[in-house]
Amino acid sequence: MTIPDDEQRLRRWRLVLGADAESTGWTPTGRDAAIDRALAALYRAQPPSAGEPGGRRTAGLGGSAPQVARWLGDIRSYFPAGVVRLLQQDAITRLGLDRLLLEPEMLAAVEPDVRLVATLLALKQALPETTRHSARRVVAAVVAELERRLADRTRAVLTGALDRSARSSRPRPRDIDWNRTVRANLKHYLPERRTVVPERLVGYARARRAAGKEVVLCVDQSGSMAPSVVHAAVFGAVLASMPALATRLVVFDTSVVDLTEHLDDPVDLLFATRLGGGTDIDRALAYCQSRITRPADTVLVLISDLYEGGAPDGMLRRVAALTAAGVRVLVLLALSDEGAPAHDHGQAAALAALGVRAFACTPDAFPEVMAAALEGRALAEGHSL
């Protein structure tokens with residue numbers, strides 16, 4: 001039976017506002033009553049205690065792992081996966097659910113997503129042996145889904161960019177760039193034949209047999225950057241699978257760790273990270289600079305919110321030196337689907353003054369951003385904040 005629009009509107013407001021919205025005149029029954037109880041367990045407002053001026057929101061799931069596991073199962077049956085992930089994240093932040101994620105039955109009940117992976121990675125040192133296998137399975141499921149969504153398209157876009165970035169004057173027929181060839185031979189136009197005689201062919205040199213470009217992913221692993229670390233690990237593995245690219249992945253907080261040897265397994269790579277801690281961008285860039293052997297053929301991608309705990313002036317000097325040497329430097333304030341990130345606006349402006357724009361990037365936009373960098377094209381304005 002279809003619910004009339006007016007009643008549907010009252011229903012939604014009642015479920016959003018909870019029991020405090022009884023004045024709507026709509027009382028949940030049946031499945032709606034069960035949904036209301038599930039939401040109330042997370043968001044309900046308790047009456048004020050003695051001495052408190054008003055109501056306060058408190059935890060309603062209790063401390064029992066089986067009870068929370070049932071709640072997680074309930075919300076998965078009531079809501080689509082995207083809403084379930086939001087409710088899980090609220091449960092982690094509001095109710096301390098992260099402590100219960102140390103138990104295997106909890107991990108079996110949750111909906112895997114990037115934020116959950118970030119939470120598990122932050123907890124990995126505290127995971128008991130009985131839970132580690134379950135945690136790894138959750139991380140592997142999220143990584144597999146990201147690879148399914150992003151890998152093929154990334155390889156296709158970047159393969160084309162690498163082919164276009166290397167021009168050849170003796171291309172094979174299938175590699176001829178006809179637009180450039182016609183422009184290069186317009187002086188040989190024959191009016192009587194209404195055609196151009198191409199005395200010089202312009203085409204793409206195939207760059208697949210050997211690494212023609214180098215990519216360095218330099219990733220801030222401070223706690224606020226957790227989703228970006230997850231996506232960077234997946235993209236790093238995809239880039240490393242392309243013979244035409246020599247890929248390095250470096251993570252940093254106040255120390256620097258080169259995880260390039262783990263690029264063949266992004267799950268291992270993620271478990272080798274250490275989320276949290278401070279930030280020393282200058283130190284990380286110094287390490288990356290020391291590993292760059294062909295500056296003119298290198299793209300360095302710094303993924304950081306730019307809150308520098310080290311030497312801000314040193315970081316800017318390092319970026320200036322890299323760009324002066326010919327390195328293409330990209331600064332991504334986030335690599336995630338979570339919208340505009342908090343970041344150091346002063347540092348972003350200082351980078352812009354050096355000709356290096358800092359902007360947020362969604363995982364879906366990353367292949368085009370990398371393609372533009374590899375080809376030496378200007379980035380579209382739509383990528384900036």
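The expected span here is 1.5 Å times one less than the number of residues, and helices (H or I, at least four residues) and strands (E, at least two) are DSSP runs numbered from the N terminus. The model is predicted, so local features need pLDDT of at least 70 and side-chain atom pairs count only at pLDDT 80 or more, while totals for chains, interfaces and linings use all residues. Residues are numbered from 1 along each chain as its sequence is written, and side-chain values use heavy atoms, with hydrogens and water left out.

H10 is also largely enclosed by the rest of the structure, because 14 of its 15 residues are buried (buried is under 20% relative accessible area, exposed over 50%, partly exposed in between, with a 1.4 Å probe and protein chains only). One of the residues in H10 is phenylalanine 235, which ties the helix to phenylalanine 366 in helix H15 (residues 366–375), so parts 131 residues apart in sequence are brought together by the pair. Phenylalanine 235 and phenylalanine 366 are both buried.

A search of the whole structure turns up two aromatic pairs. For the rings of Phe, Tyr and Trp (its six-membered ring), pairing requires centres within 6.5 Å; planes under 30 degrees apart count as stacked, over 60 as edge-to-face and the rest as tilted. The pair of phenylalanine 235 and phenylalanine 366 is tilted, at 4.5 Å centre to centre and 45° between the planes. Tyrosine 78 and phenylalanine 79 make an edge-to-face pair, because their ring centres are 6.4 Å apart and their planes stand at 85°. Phenylalanine 79 counts as buried at 17% relative accessibility.

Strand S8 (residues 245–252) is mostly covered, with six of its eight residues buried. Strand S7 (residues 213–220) pairs with S8 in the parallel sense over eight bridges, where pairing takes at least two DSSP bridges between two strands. On its other pairing, S8 runs antiparallel to strand S9 (residues 256–258) over three bridges, and a hairpin joins S8 to S9 through three residues.

As for packing, the largest nonpolar core holds 63 residues, and Leu101 and Leu270 have the most contacts inside it. Such a core is a set of buried Ala, Val, Leu, Ile, Met, Phe, Trp, Tyr and Cys residues joined through side-chain atoms within 4.5 Å. Helix H8 (residues 129–165) supplies the largest share, 10 residues. Not counting residues up to four places away in sequence, leucine 270 touches, among others, Val117, Leu121, Val229 and Ala233 (contact means heavy atoms within 4.5 Å). A second, separate core of 24 residues includes Met315, Leu333, Leu351 and Val356.

Valine 329 sits in strand S11 (residues 328–335) and counts as buried at 9% relative accessibility. Its C-alpha atom is separated by 4.9 Å from that of leucine 300, 29 residues apart along the chain. Leucine 306, in the loop between strand S10 (298–303) and helix H13 (312–324), has a positive phi of about 70° although it is not a glycine. Leucine 306 is buried too, with a relative accessible area of 0%.
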